[in-house]
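This briefing covers helix geometry, helix packing and backbone exceptions in one model. The sequence and structure come next, followed by the points grouped by topic.

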Amino acid sequence: MMKVYEFKGFPNPARVRMALAEKGLIDEVDFIQVDLPGGEHQTETFLAKNPSGAVPVLELEDGTLISESVAITEYLDNLDGSPVLTGETPKERGVISMLQRKVEVGFLDAIGAYFHHATQGLGPKIEPYQVAEWGEKQREKAVITLHWMETILKNQDFLAGDKFTVADVTAHAGFLFAGFVKLEIPANCPNVKKYADNLANRESAAVAA
Ligand SMILES: N[C@@H](CCC(=O)N[C@@H](CS)C(=O)NCC(=O)O)C(=O)O
């Protein structure tokens, strides 16, 4: 069986859970919890699985290790030869990849940087290096990205068009993280609010939470 190293409830592992659920693969993996607050992700044993010291990590039956949520999602999406999250045609793949990356850098990772730098993050043992001012800037960046998303979502249900994709998986993880750090969707972004609610109501979101 495939293994997924994760810390249930955290935003990046939630991306892989959501992708697994969308693909009907949730029962095909063993989930192994890595104690992030306890620093288990910084032990030699775990660093051998992912030198970045982060979850999620997918381990295949042959021992191949795949980290980075999007890379894991691409693998899972293509396993059955019918990708539904990462695009089928070159054009779809290009557009989805672009939107995913913009939401990842501008929203999910920006909130992550705010959390790790401008709040207590995972605690002083895990966060010896913090630059609060940069963290605050990243929070501003996340809000700017929400306004950009509002312009896209005025005309369509999902970031890449009328179909749910990996860009929306990343956005959902961003909304989970936003809730955790109490970053609210601005009142003048009603389409983003509706979109976030739609994502939260998907069956796969319940598995990801
Ligand atoms: N770019 C990575 C990010 C992974 C990541 O940052 N995971 C967090 C949990 S949500 C983590 O393991 N953090 C450990 C730490 O920051 O010390 C991905 O796409 O999977």
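Helix 4 (residues 90–118) has 29 residues and should span 42 Å at 1.5 Å a residue; its end C-alpha atoms are 40 Å apart, which agrees. The expected span is 1.5 Å times one less than the number of residues. Helices (H or I, at least four residues) and strands (E, at least two) are DSSP runs numbered from the N terminus. This is a predicted model, in which local features need pLDDT of at least 70, side-chain atom pairs count only at pLDDT 80 or more, and totals for chains, interfaces and linings use all residues. Residues are numbered from 1 along each chain as its sequence is written, and side-chain values use heavy atoms, with hydrogens and water left out.

**Kink in helix 4**
- Helix 4 has a kink of about 40 degrees centred on E104, the bend being the angle between axes fitted to the seven residues ending at a residue and the seven starting there.

**Helix 1 with helix 6**
- The axes of helix 1 (residues 11–22) and helix 6 (residues 166–180) come within 9 Å and cross at roughly 140 degrees; axes are lines fitted to C-alpha atoms, for helices over the stretch in contact, and angles run from 0 to 180 degrees between N-to-C directions.
- Helix 1 is therefore oblique to helix 6; angles under 35 degrees count as roughly parallel, over 145 as roughly antiparallel, 65 to 115 as roughly perpendicular and the rest as oblique.
- The crossing of helix 1 and helix 6 is right-handed, meaning that the near helix is turned clockwise from the far one by less than a right angle.
- P11, A14, R15 and M18 of helix 1 make the contact with V169, T170, H172, A173, L176 and F177 of helix 6, where contact means heavy atoms within 4.5 Å.
- The residues of this contact comprise 7 nonpolar, 2 polar and 1 charged; Ala, Val, Leu, Ile, Met, Phe, Trp, Tyr, Cys and Pro count as nonpolar, Asp, Glu, Lys and Arg as charged, and the others, Gly among them, as polar.

**Helix 1 with helix 4**
- Helix 1 packs on helix 4 at about 150 degrees, with the axes 13 Å apart, which makes the pair roughly antiparallel.
- P11, N12 and R15 of helix 1 touch Q100, E104 and L108 of helix 4, a set of 2 nonpolar, 2 polar and 2 charged residues.

**Helix 1 with helix 3**
- Helix 1 and helix 3 have axes 9 Å apart at an angle of about 10 degrees, so helix 1 is roughly parallel to helix 3.
- N12, R15, V16, A19 and L20 in helix 1 meet S69, V70, I72, T73 and L76 in helix 3.

**Backbone exceptions**
- Most residues other than glycine have a negative phi, and most peptide bonds are trans.
- V55 and P56 are joined by a cis peptide bond with omega of about 10 degrees, and P56 is in the loop between helix 2 (44–47) and strand 3 (57–59).
- E68, a residue other than glycine, has a positive phi near 75 degrees and lies in the loop between strand 4 (65–67) and helix 3 (69–78).
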